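The following note is intended for a colleague who is new to this structure.

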Amino acid sequence: MLLYSPQSALDLTLNIDKIDLKAIQSASMGQIKNGSGTISGELSIKGPLDAPKVLGDIKFNQAAFTATYVNSYFRMPNESISFTDKGINFNRFTIIDSLNQKAVITGSILTTDYKDFRFNMDMRTNNFRLINSTAADNDMIYGTVYVTSTIKVRGDLNQPDVDMNVKVEDKTKFFFAMPPDDPSVIDQEGIVQFTDFSAPPFNGKKALSVSDSVSKSPIKGLNLSATINIDPDAELNVVVDPSNGDALKVRGEASLTATMDPSGKTSLTGRYQVSDGSYNLTVGPVKKDFKLQQGSSIVWTGDPTSANVNLTALYEVNTAPIDLLGDPTIYEAKTKLLSRCT
């Protein structure tokens, strides 16, 4: 009979000779691809089972992979993570995108017993290409997104505190495609949608508000505060209906504040000032392109799904002047009357 004693001591040396990232790729359930390079290291594990002391380094040797969800290629040429008597230390751990821009992680995950963890970590990026995907990679969120950011992670495992300052850079071209129709939608043309409320998920009951699912995040226990600034040349697109091309495209300047409390409740405040853009509308065989006018705006005051939208759109047509003047006999009569008065 094997008895467990918390006073039992460990005295181990763990040698990581060479782990090929291709092997990790096969175990990632499709989350990474194009893996290359290796991971190696040596760790000394000593002391009691309930509070082991782990010392050593894990090294990334010309390691690289593509994150499938965002289709971005990241490299870690010669980086290391150190295990010390105070926890896990990131020695300016640098991740490089495919355009040689860097994301640098500094600080530590603090622990002395590997049961209780506290965070003291910072991450900085400069014009870093975070997303480089198409609708074929991810049919809901895709495009190219470049960010300059400062991210601070504090707190502990029970409640991490994340403070973010993010700027969306000018080369960004981001797409958000509206979710596919739910089973209750029985017909749709353009932006007009016919709904059968007797079908699932409503089953004759009152439909849930969109904010019921969006203003409550599935993530709990995280205290998040983010300041988001959007460059005037960054392009944002909302694909209303991918099947017929209905889409909203805007450029403008924004300063937004997003928060999430430990209960999962989210909030968004700030103004997006539109400088230009368009809305492509399709109704049956008719396609119209409406141009958004400068001065239009979208304002959030808390609920991310309840924005105050003030958009002015212009549709340009080519037509004969006579169509704008109306009845030509009336125009001739007015001309004669004016000539007599003069």
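1. Ile19 lies in strand β1 (residues 9-20); helices (H or I, at least four residues) and strands (E, at least two) are DSSP runs, numbered from the N terminus. The model is predicted, with local features requiring pLDDT of at least 70 and side-chain atom pairs pLDDT 80 or more, while totals for chains, interfaces and linings use all residues. Residues are numbered from 1 along each chain as its sequence is written, and side-chain values use heavy atoms, without hydrogens and water.

2. Ile19 counts as partly exposed because its relative accessibility is 36%; buried means under 20% relative accessible area, exposed over 50%, and partly exposed in between (1.4 Å probe, protein chains only).

3. Not counting residues up to four places away in sequence, Ile19 touches Ile24, Gly37, Thr38 and Ile39, where contact means heavy atoms within 4.5 Å. Ile19 and Ile39 are 20 residues apart along the chain, and their C-alpha atoms are separated by 5.0 Å.

4. The protein chain has four helices and 20 strands. Of its 342 residues, 34% count as buried.

5. The largest nonpolar core has 32 residues, and Phe60, Phe90, Phe93 and Ile95 have the most contacts inside it. Such a core is a set of buried Ala, Val, Leu, Ile, Met, Phe, Trp, Tyr and Cys residues joined through side-chain atoms within 4.5 Å. Strand β3 gives the most to this core, with six residues. Apart from this core lies another, of 17 residues, among them Ala226, Ala254, Ala258 and Trp300.
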